[in-house]
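Subject: Structure handover, aromatic ring pairs

Hello,

Here is the structure I said I would pass on. My notes on its aromatic rings follow below.

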Amino acid sequence: MKYILLLSLPLYALDQITKWFVVQFVRAEDIHVVLTDFFAIVNVTNDVAAFGSFKNNNTFFIVLSVVAFVFVFALLVRRTRNRDPLREISLALLLAGIMGNLTDRFVHGHVIDFALFDLHVPLAHPWPAFNVADSCIFIAVACFIIHSFKKRKESAAVSNV
């Protein structure tokens, strides 16, 4: 439960505050350059999943997000014998991301994206706009991958003993 209070809720609040500022101060056609040729603030409405898939399926994404929220929340609050901080952090980040984008879908009917990076590489010129919730989900997935490799290495070491 401490990870929800210390990580999920503050990141959810940051996500919603940044989106509120974008909606209030950045028009859809505006591009506010922060770092020339690298980073800009935009106001993009996103009614799709990753990289443009499943367009105009807001109800589907709401249902999917609610199911994911319940599942992740249950995993995060249940008691286990061996607490694993990386697993808990991953789940807390995932929960924050789910809550942030789910709130957008309920309130606006789409997700608000605003961070636009230009990495100057093929297929990422510019990278699709994203938000704090998307970043939480991305970092959570990266943590889960690291966690799975760590667990696999530990189980291999135990089986070799």
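A residue is called buried at under 20% relative accessible area, exposed at over 50%, and partly exposed in between, with a 1.4 Å probe and protein chains only. This is a predicted model, in which local features need pLDDT of at least 70 and side-chain atom pairs count only at pLDDT 80 or more, while totals for chains, interfaces and linings use all residues. Residues are numbered from 1 along each chain as its sequence is written, and side-chain values use heavy atoms, with hydrogens and water left out.

Rings of Phe, Tyr and Trp (its six-membered ring) pair if their centres lie within 6.5 Å; planes under 30 degrees apart are stacked, over 60 edge-to-face, and the rest tilted. Searching the whole structure gives 8 aromatic pairs.

One of them is Phe21 with Phe25: the ring centres are 5.9 Å apart and the planes at 25°, so this pair is stacked. Both residues sit in helix H1 (residues 2-25), 4 residues apart, about one turn of the helix. Helices (H or I, at least four residues) and strands (E, at least two) are DSSP runs, numbered from the N terminus. Phe21 is partly exposed at 44% relative accessibility, and Phe25 is exposed at 56%.

Phe39 and Phe117 also pair, with centres 4.5 Å apart and planes at 35°, so they count as tilted. This pair links distant parts of the chain, 78 residues apart: Phe39 is in strand S2 (residues 39-46) and Phe117 in strand S3 (residues 111-117). Phe39 is buried at 16% relative accessible area, whereas Phe117 is partly exposed at 23%. Ring pairs join Phe39 and Phe117 with Phe38 and Phe130 in a cluster.

Regards
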